[in-house]
Amino acid sequence: MNILVCISSVPDTTSKINFTENNTKFDCSGIQFVINPYDEFGLTKSIMIKESIGGKVTVITVGDASVEPVIRKALAIGADDAVRVNMDPNDSFSVANEISEYIKQNSFDLIITGRESIDYNGGAVSGMISEMTNLPLVNACIGLEIEGNSAKLVREIDGGKEMITSPLPMVIGGQKGLVLENELRIPNMRGIMQARTKPLSVVEPTGNIMYTTSVSFAKPEEKAGCKFVDASNVSDLVDLLHNEAKVI
Amino acid sequence: MSVLVYTESWGGNFRKSTFEAVSYASETAKILGTNVVALSLEDVSDEELVKLGSYGASKVVSIPSVNKGDSQSASKIIAELSTDASVIVFSGTHTARMITPRLSVKLAAACITNVISLTESSEITIKRKSFSTKAIEIIKSNTEKTILSISPNSFGLIENQMDCLIERSDFIEKGSLIFEGQETASGKISISEAEIVVSAGRGLKGPENWGMIEELADVLGAATACSKPVSDIGWRPHSEHVGQTGKPVTADLYIAIGISGAIQHLAGVNSSKVMVAINTDPEAPFFKAADYGIIGDAFEVVPKLIQEIKKFKN
Ligand SMILES: Cc1cc2nc3c(=O)[nH]c(=O)nc-3n(C[C@H](O)[C@H](O)[C@H](O)COP(=O)(O)OP(=O)(O)OC[C@H]3O[C@@H](n4cnc5c(N)ncnc54)[C@H](O)[C@@H]3O)c2cc1C
Ligand SMILES: Nc1ncnc2c1ncn2[C@@H]1O[C@H](COP(=O)(O)O)[C@@H](O)[C@H]1O
């Protein structure tokens with residue numbers, strides 16, 4: 001099994017989000033970048049598949065040199081090699097386009113992305129890759145078993161789940177359920193040492209065609225503050241929710 | 001020119017998020033000076049289809065022969081019907097998240113997700129949620145056609161009665177996925193569409209204590225949810241995990257019981273309109289984000305709250 005795992009480098013989940021240059025650029029100062037949490041499930045799953053039936057796990061990230069520590073972490077967790085497409089990821093289409101170009105030039109049995117990135121939250125890269133490479137797609141994937149030339153999958157739907165069989169190769173957008181939280185791998189010392197010498201190739205972008213332009217950012221409005229209700233007067237809360245907040 | 005809107009049903013009835021998407025499409029059509037065409041890919045009765053007219057659709061195209069989870073076929077048929085459309089509207093369901101990016105590539109159209117506002121003008125410029133609701137981005141479409149996927153419950157329903165023409169047709173092509181069946185989640189109301197969500201965390205001590213949470217949800221007609229550790233330890237199903245790495249919540253009312261209010265939890269729920277926190281710890285960070293708070297023991301407060309709401313409902 002030749003597996004490609006797409007990894008987005010995102011601000012750590014505890015990060016406070018700020019913007020600079022007239023609210024047009026994300027302020028990276030003091031921010032720790034991590035593997036997008038959704039991508040970790042796919043990375044771990046692909047390593048498990050490799051361990052059980054053999055194969056190779058490649059990770060790909062579209063980004064400038066600053067994303068390399070995150071790529072090295074993926075290698076330390078157990079990926080075999082890595083590719084960085086040297087481009088600022090400003091738009092889902094351009095990111096998907098670069099990844100698809102790489103897929104067309106190499107051959108993979110399985111392409112795994114995360115359900116969405118926790119910074120851009122586009123949830124679009126996996127679908128765009130599947131269309132550009134003309135492969136089947138299962139997003140919000142919460143179960144995956146490889147059986148020969150096909151995959152048995154479970155996807156989350158609004159209101160339940162759906163069981164699907166797909167031929168390989170295919171594209172998956174993964175999330176928790178692909179593996180469980182406690183199965184996630186953390187890099188150990190040996191992994192970190194090995195990651196230093198694993199291949200990380202840098203390729204130049206082919207196009208960078210953007211379908212959208214980011215104009216500016218704003219922070220959501222701050223709340224007015226919390227109104228406290230005494231634990232012995234719970235009926236006051238019902239009153240407030242009905243008469244003041246008008247939500248019940 | 002027209003605005004095309006994609007609809008979704010569950011058990012033969014349109015989802016509330018679909019009526020919201022149609023309302024949104026209809027307001028967009030007013031800005032663009034055009035009309036709304038709705039598309040249904042499921043088995044939906046004529047009586048149900050005409051309901052789309054109440055929210056501003058002047059035509060409905062029904063093609064029940066496509067499996068909507070087969071994004072290859074669904075995006076193909078939508079692309080064929082989009083020749084005349086300048087804007088194509090979806091509600092951001094899991095299924096829409098598979099179809100919209102494929103359609104974007106097929107039509108060379110920008111795909112903007114998590115949308116929370118109408119376009120400012122006929123040049124599509126829109127507000128969307130980003131950084132897991134920690135920020136709002138203003139984004140512009142660079143393409144002739146634009147696909148907009150709206151964040152459920154962020155726009156609301158707007159009635160706008162239209163005479164609605166129904167057109168039925170078929171589509172025989174199939175993609176390569178084989179659908180083996182579906183399983184319905186235990187919760188009666190889906191978190192993404194619920195107006196009220198009752199959510200509980202590790203403060204509840206164990207799965208055996210969720211009876212009162214379910215009862216509170218029941219009397220409020222709410223969906224149940226939980227914090228991440230609660231689903232990680234298996235007290236509740238993963239489908240209830242909300243927050244930055246779980247499901248997003250955009251309810252009118254979010255009640256958090258025994259949840260500390262970690263930044264990752266808040267990031268996924270704080271676009272709810274009103275938030276209530278019930279927690280023994282006056283220093284719990286949730287109180288900084290909540291609109292209303294009760295400092296107290298959930299095991300005492302929640303049963304009282306159930307009683308009070310029952311009284312109120314009568
Ligand atoms: C990468 C990453 C992603 C994450 N994503 C998410 C996410 O999506 N969603 C999420 O929820 N978390 C997420 N987390 C976890 C998050 O950081 C917190 O650990 C988690 O939200 C805490 O859950 P909790 O509030 O249920 O538990 P705790 O933090 O243990 O809080 C329990 C609360 O209950 C209160 N309490 C105790 N007894 C009672 C009582 N009898 N009555 C009332 N209150 C009581 C306590 O005062 C406390 O405030 C993530 C963490 C990481 C690292
Ligand atoms: N810059 C990037 N490089 C590699 N993969 C990416 C990048 N951005 C997004 N992805 C992948 O696409 C998924 C969905 O991202 P998005 O569409 O931005 O929400 C992520 O979970 C990643 O797997």
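Domain bounds are taken from an automatic or database domain assignment. By that assignment, chain B is divided into domain 1 (2-168) and domain 2 (196-313). The centres of domain 1 of chain B and domain 2 of chain B, taken over C-alpha atoms, are separated by 31 Å. Their contact (heavy atoms within 4.5 Å) takes 7 residues from domain 1 of chain B and 11 residues from domain 2 of chain B.

The model is predicted: local features need pLDDT of at least 70, side-chain atom pairs count only at pLDDT 80 or more, and totals for chains, interfaces and linings use all residues. Residues are numbered from 1 along each chain as its sequence is written, chains are lettered from A and ligands numbered from 1 in the order in which they are written, and side-chain values use heavy atoms, with hydrogens and water left out.

The closest are B:Ser227, B:Ser260, B:Gln264, B:His265 and B:Asn279. Residues from chains A and B surround ligand 1, so the site is shared between chains. By class, the shell has 6 nonpolar, 16 polar and 5 charged residues. Here Ala, Val, Leu, Ile, Met, Phe, Trp, Tyr, Cys and Pro count as nonpolar, Asp, Glu, Lys and Arg as charged, and the others, Gly among them, as polar.

Backbone atoms also approach ligand 1. One of its oxygen atoms is 3.0 Å from a polar backbone atom of B:Lys228. A nitrogen atom of ligand 1 is 3.3 Å from a polar backbone atom of B:Thr280. Another such pair, at 2.8 Å, involves a nitrogen atom of ligand 1 and B:Ala298. Taken alone, ligand 1 exposes 990 Å², and the protein buries 77% of that. These areas come from the Shrake-Rupley method with a 1.4 Å probe; for residues, only the protein chains shown count as cover. At least two shell residues each come from α6 (228-232), α7 (263-269) and α9 (298-313) of chain B. Helices (H or I, at least four residues) and strands (E, at least two) are DSSP runs, numbered from the N terminus.

B:Gln264 also pairs with chain A. Its side chain is joined to that of A:Thr13 by a polar contact of 2.8 Å. Such a contact is a pair of N or O atoms within 3.5 Å; within protein, one must be able to donate a hydrogen and the other to accept it, and residues adjacent in sequence count only if both atoms are side-chain atoms. A:Thr13 is in the loop between β2 (9-11) and β3 (19-20) of chain A. A:Thr13 is buried, with a relative accessible area of 13%. Buried means under 20% relative accessible area, exposed over 50%, partly exposed in between (1.4 Å probe, protein chains only).

Ligand 2 has 21 residues around it; A:Cys6, A:Asp39, A:Ser117, A:Gly123 and A:Ala124 are the closest. The shell divides into 10 nonpolar, 9 polar and 2 charged residues. β6(A) gives the largest share, 3 residues. An oxygen atom of ligand 2 is 2.7 Å from a polar backbone atom of A:Gly123. Taken alone, ligand 2 exposes 480 Å², of which the protein buries 96%.

Helix α3 (residues 71-81) of chain B is mostly covered, with 8 of its 11 residues buried. Among them are B:Ile77 and B:Ile78.

Methods:
A residue is near a molecule or strand if one of its heavy atoms lies within 4 Å of it.
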